Amino acid sequence: MQPIISAWARRASRLMLACALLFSASIQAQDIQPDNLFPQVRMVTDQGDMVIELNRMRAPITVDNFLRYVVAGAYDNTQFHRVVADFVVQGGGYKPDFEPIDTDEPIFNESGNGLTNDFGTIAMARERGPHTAKSQFYFNVTDNESLNPSARRWGYAVFGRIVESDELLSSLATVETHTHTETGYQDVPVQPLVLKRVELLPRSSR
């Protein structure tokens, strides 16, 4: 005989499940500091560390997207796979063996937020379509006016800037590169530049 579950018990079970889901969502929201307009992250590389301040006031969608990858550990043990001197240092897409990381859906392009692609800023890489950015990001190694939006084109969305150790960026931009044999990708560092981890810094550390 099947046990009889009372309507009260079923309602209580549903209520407990709903509370658990709400609690889980709350914890997830706390992980990316949703009420912090200028969260900071530390990028720990095999060449040194740098701290980046994100601008949620100007780029809320982009910052939330980036921080979800951060707290999930998606950027840990990845590489800066594209380095173009006097242009960009790009990462956030591949492990050192060029295995792609798991990505979420693409996000809306916030390039019209007033932030420009100046030296030391971080922005979202994307495909030709304007709303195709997922996980990959890049640092501007110089003032890249051509990456900013205009009246006729979408740009590339800037969402923060380096606030500690921008000299590391300049150093990363000078490494020797080549065309990667297995993938055919150009501008790949001969010696992998490893991004060991990205840490969301607590407010108390500043």
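A salt bridge, as I use the term, is a side-chain nitrogen of Lys or Arg within 4 Å of a carboxyl oxygen of Asp or Glu.

**Entry 1: ground rules.** I am working with a predicted model, in which local features need pLDDT of at least 70 and side-chain atom pairs count only at pLDDT 80 or more, while totals for chains, interfaces and linings use all residues. I number residues from 1 along each chain as its sequence is written, and side-chain values use heavy atoms, with hydrogens and water left out.

**Entry 2: salt bridges.** I searched the whole structure and found four salt bridges. Arg42, Arg197 and Glu199 are linked in a network of them. In it, Glu199 meets Arg197 at 2.6 Å, N to O. Glu199 also bridges to Arg42, with the closest N and O atoms 3.4 Å apart. Glu199 lies in strand E10 (residues 193–200) and Arg42 in strand E1, so this pair ties together parts that are 157 residues apart in sequence. Strands (E, at least two residues) and helices (H or I, at least four) are DSSP runs, numbered from the N terminus.

I then looked up exposure. Buried means under 20% relative accessible area, exposed over 50%, and partly exposed in between (1.4 Å probe, protein chains only). Glu199 is partly exposed at 24%, as are Arg42 at 28% and Arg197 at 37%.

Another salt bridge joins Arg56 and Asp64, with the closest N and O atoms 2.9 Å apart. Here Arg56 is buried, at 5% relative accessible area, and Asp64 is partly exposed at 22%.

**Entry 3: strand E6.** I checked which way the side chains of E6 (residues 137–140) point. Phe137 and Phe139 point one way, Tyr138 and Asn140 the other, and all are buried. In a regular strand the side chains alternate between the two faces of the sheet. E6 pairs with E4 in the antiparallel sense over four bridges; strands pair if DSSP finds at least two bridges between them. Three bridges join E5 to E6, also antiparallel. Tyr138 in E6 is the bridge partner of Gln90, and Ala123 stands opposite Tyr138 too.

**Entry 4: a surface patch.** I noted that Leu37, Phe38 and Met57 form a nonpolar patch on the surface, with about 270 Å² of accessible area together. Patch residues have over 30% relative accessible area and no salt bridge; like charges are joined within 9 Å, nonpolar side chains (Val, Leu, Ile, Met, Phe, Trp, Tyr) within 5 Å. Accessible areas come from the Shrake-Rupley method with a 1.4 Å probe, and for residues only the protein chains shown count as cover. Leu37 lies in the loop between helix H1 (7–31) and strand E1 (40–45), and is partly exposed at 39%.
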